[in-house]
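Me: I would like to learn how to read this structure, one feature at a time. Please start with the place where the chains touch.

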Amino acid sequence: MAWAETFLNVLKDNDIRLVPYVPDNVLTPLIKGVTSDNFFQPICATREDEAIGMAAGAWMGGVKSIVMMQTSGFALIPNALASLTVPSQIPTLMVISERGTLGEFNIGQQLVARTMRPVLDTLGIAHHTLTDEATMPFIVDRSIKQAITTQAPVAFILSPLLTGGNPVAHAKLSA
Amino acid sequence: MSAAIKVMNRADLTKRLVSKLKSDEAVIGGIGNANFDLYAAGHRPQNFYMLGSMGLTVPIAMGVALAQPERGVIALEGDGSILMSLGCLSTVATVAPRNLTIVIWDNGLYQITGKQKSATGAATDIVAVARGAGIAESHWVTDEAHFERLIERRYDEGGPVLLAVKIDDAPGVGQTPRDPALIRNRFMKGLGTSRAGDLDG
């Protein structure tokens, strides 16, 4: 998909190589992209906080990374952000596919999604909701550079407006 | 688990381990007693001390190991903490970084929170778990002499390795400075990845 390719090109331009992720339907084109390109080292983690720890270690070892997860996965990582990356001043880059809105069938996804932005705001973590391919490269490129320069995490939230949302969810709503 | 496994002391073994390091290996000290004893064994620039994020010792160590494949990386982790994140052992086995060594200090207790019994003190054999996860080189350490032999090796190859050690319930003997940004900065200096500048002299 074009949006995924555009996103990955920005990562390449910024030398983001390690990609710890927890699988997700909407993230599939990104995961396929990093898996089929030797520039990237994708690693499938068992939990999202594990991926955050790995990215923190890689940063300290001199390799830049971005963690990919779904909204519900973000709900597993506030402690890792609050007790590791934020106080250590580690620029954790995150991309979160947004569920729970604009056509969600799962009540649990709807509830957990509401915790995401308040948690990010509470921790003082910059976040940008990406809604269209035209503005995405500017937002992502500038924000990655800002995160690294200021040694602070940043989260990119992939809106269904950009990705089309979860096809499974869409099918269930339409059935 | 064999019955002939001696109960040892974490501070003592940590000192022995640190004294054997020859190639600026990175050592990640897990939250609580694991990093307190690492600090007490004598600070070195390649030490990272975790002040939070329980369960992430091995993931952090794996990130360092992937970023610096020529450097040996050692994770010092407690039983309670690894029980919180057993899934990471599967990731380690799958990715198989040859320069990663994991040491599990197992006293079967959450020592630091009031000595509550952990699952490894009741039913769970952490070496069996690690082998089941796919880390073939997972071993119980039988006594201090065995530990000395096992750590007398190159850490940049032959991994991933997991060494599980039965330890007593002694608390950590040191107190790491509670400054995560300073710890991270010093660690990166030790790994050669910090921003260079005249501020450091």
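Me: How many salt bridges are there between chain A and chain B?

Reply: A salt bridge is a side-chain nitrogen of Lys or Arg within 4 Å of a carboxyl oxygen of Asp or Glu. Between chain A and chain B the count is 0. A word on the ground rules: this is a predicted model, where local features need pLDDT of at least 70 and side-chain atom pairs count only at pLDDT 80 or more, while totals for chains, interfaces and linings use all residues. Residues are numbered from 1 along each chain as its sequence is written, chains are lettered from A and ligands numbered from 1 in the order in which they are written, and side-chain values use heavy atoms, leaving out hydrogens and water.

Me: Which elements of chain A give two or more residues to the side that touches chain B?

Reply: Helices (H or I, at least four residues) and strands (E, at least two) are DSSP runs, numbered from the N terminus. Here they are strand E2 (41–44), helix H3 (48–60), helix H5 (78–88) and helix H7 (136–150) of chain A. H3(A) gives the largest share, 8 residues.

Me: What is the area buried between chain A and chain B?

Reply: The size of an interface is often given as the accessible area lost when the parts come together. Buried area is that loss for two parts (1.4 Å probe), summed over both. Between chain A and chain B it is about 2100 Å², with 65% from carbon and sulfur atoms. Counting contacts (heavy atoms within 4.5 Å), chain A takes part with 28 residues and chain B with 25 residues.

Me: Now a strand, please. Where do the side chains of a strand point?

Reply: In a regular strand they alternate between the two faces of the sheet. To read each face, call a residue buried under 20% relative accessible area, exposed over 50%, and partly exposed in between (1.4 Å probe, protein chains only). In strand E4 (residues 100–106) of chain B, 7 of the 7 residues are buried, so this strand is largely enclosed by the rest of the structure. Leu100(B), Ile102(B), Ile104(B) and Asp106(B) lie on one side, with Thr101(B), Val103(B) and Trp105(B) on the other.

Me: Which strand does E4(B) join over 6 bridges?

Reply: Two strands pair if DSSP finds at least two bridges between them. E4(B) joins strand E8 (residues 161–166) of chain B, running parallel, and there Asp106(B) has Lys166(B) as its bridge partner. Strand E3 (residues 73–78) of chain B also pairs with E4(B) in the parallel sense, over 6 bridges; Gly78(B) is bridged to Trp105(B).

Me: What is the peptide bond from Gly159(B) to Pro160(B) like?

Reply: That bond is cis, with omega near 0°. Pro160(B) sits in the loop between helix H7 (144–151) and E8 of chain B.

Me: Is Ser53(B) buried or exposed?

Reply: Ser53(B) is buried, at a relative accessible area of 3%. Its phi is near 45°, a positive value in a residue other than glycine. Gln89(A) has a positive phi too, near 60°, but Gln89(A) is partly exposed, at 35%.

Me: And where does Glu98(A) lie?

Reply: Glu98(A) lies in the loop between strand E4 (93–97) and helix H6 (107–122) of chain A. Glu98(A) counts as buried because its relative accessibility is 11%. The residues Glu98(A) touches include Thr71(A), Arg117(A) and Pro160(A).

Methods
Lists of a residue's contacts leave out its neighbours within four places in sequence.
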